[in-house]
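Q: I would like to go through this model with you before setting anything up. Could we take it topic by topic?

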Amino acid sequence: MILRLVGESPLLPAIFEVIAEHQSNILGGAMQNAIAILANLIALKDTDFHLFYQQGVIELVCGVFMEAAALYLEKEERCRVKSCCALLLSLLDIIHCLLKHLSAVVRLALQSNSEEDNEAAEKLLLINKPLTDLINLLIQMLPCGDAEVYEDASQCVSLLTQLYDGDAADHLTPKDLLSLACSIQLHTEPRQQRLLLHVLKRLIGAIDSAGWSTEGGQSLVHMLQNLAHGNRSQPDNVVGSLAAEILKAVRCQDGTGTKSSSEASLPMHLM
């Protein structure tokens, strides 16, 4: 019933119109409510994502998220942080839904090996590619201290790197490296550390050799060394092995590696 309402009524265009009209005040009640409704609608089972793409959901989410994340990371006023957090969680839910849908389409294409499915997946990869512009902000949000924000942001970062691999980020800054180091230190559960290390492994090509000599780079190397040496005696040595593998790549890196073409292609590691 709700899905039919979304498809046949002017509800969805009206929500996008409200969001567009209130972008000058993203922490206002109208924006908060509109984004929350949008997050609930896109999360419905059997949602027709094409309706959202037609309304420009990617461009809208990217624009609002960049502004909200910048305010959140500043953390100037407690009331603003609280408002930003609520808005960010809704935005992260939307991004997560978009990426999960994209992942499902890509997996189907890889499993079916159908030309039609491949074309659909590659088209959708291109449509969603602007979401990779958010990865630096998402990484910087990982050590924020808010469990919900971390969980949602880490899942989005993980999916982005799985789907776009090295093309998920053009360049990781020293601030990004420091954020990853802090996140690995803060989140000590093996599941969390495996996720973060897999993200780092996929993005290693986005770190130039000079980056490793910065405070963020050195902190990250130190964390990796601790993990590589500290997990050798553990029954589950996946974390230690991943850390050692990344350290080996860092030592071999000369900073001259070239990035792959920006043309979207199916990420084979999702198989």
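Q: What pLDDT does the chain average?
A: The chain averages a pLDDT of 87, and 85% of the residues score at least 70. Here pLDDT is the predictor's confidence in each residue, from 0 to 100. This is a predicted model, in which local features need pLDDT of at least 70 and side-chain atom pairs count only at pLDDT 80 or more, while totals for chains, interfaces and linings use all residues. Residues are numbered from 1 along each chain as its sequence is written, and side-chain values use heavy atoms, with hydrogens and water left out.

Q: Where is the pLDDT below 50?
A: Over residues 254-263. Beyond near neighbours in sequence, this stretch has 10 contacts in the model, a contact being heavy atoms within 4.5 Å. Where pLDDT is low, the predicted coordinates should not be read in detail.

Q: How many helices and strands does the chain have?
A: The chain has 13 helices and 0 strands. Both are DSSP runs, numbered from the N terminus: helices are H or I with at least four residues, strands are E with at least two.

Q: What share of the residues counts as buried?
A: Of the 271 residues, 48% count as buried. Buried means under 20% relative accessible area, exposed over 50%, and partly exposed in between, with a 1.4 Å probe and protein chains only.

Q: And what share of the contacts with a separation of 6 or more is between residues 24 or more positions apart?
A: Such pairs account for 76% of those contacts.

Q: Turning to packing, at what angle do H2 and H3 pack?
A: Helix H2 (residues 11-21) and helix H3 (residues 29-42) pack at about 145°, with their axes 9 Å apart. The axes are lines fitted to C-alpha atoms over the stretch in contact, and angles run from 0 to 180 degrees between N-to-C directions.

Q: Which residues meet there?
A: From H2, Leu11, Leu12, Ile15, Phe16, Val18 and Ile19 meet Ala30, Met31, Ala34, Ile35, Ile37, Leu38 and Leu41 of H3. The residues of this contact divide into 13 nonpolar, no polar and no charged. Nonpolar covers Ala, Val, Leu, Ile, Met, Phe, Trp, Tyr, Cys and Pro; charged covers Asp, Glu, Lys and Arg; the others, Gly among them, are polar.

Q: Is Ser183 buried or exposed?
A: Ser183 counts as buried because its relative accessibility is 0%. Ser183 lies in helix H10 (residues 174-186). Leaving aside neighbours within four places in sequence, Ser183 is in contact with Leu142, Pro143 and Leu196.

Q: What about Gln192, buried or exposed?
A: Gln192 is buried, with a relative accessible area of 11%. Gln192 belongs to helix H11 (residues 190-202), and beyond neighbours within four places in sequence Gln192 is in contact with Tyr150 and His187.

Q: How many disulfides are there?
A: The count comes to 0 disulfides, where a disulfide is a pair of cysteine sulfur atoms within 2.5 Å. Among the cysteines, Cys62 is buried at 8% relative accessibility, Cys182 is partly exposed at 29%, and Cys252 is exposed at 59%.

Q: Which phi does Asp46 have?
A: Asp46 has a positive phi of about 65° although it is not a glycine. Most residues other than glycine have a negative phi. Asp46 sits in the loop between H3 and helix H4 (49-54) and is exposed, with a relative accessible area of 65%.

Q: Where is Asn113 placed?
A: Asn113 is in the loop between helix H6 (78-112) and helix H7 (115-128). The phi of Asn113 is positive, near 55°, and Asn113 is exposed at 63% relative accessible area.
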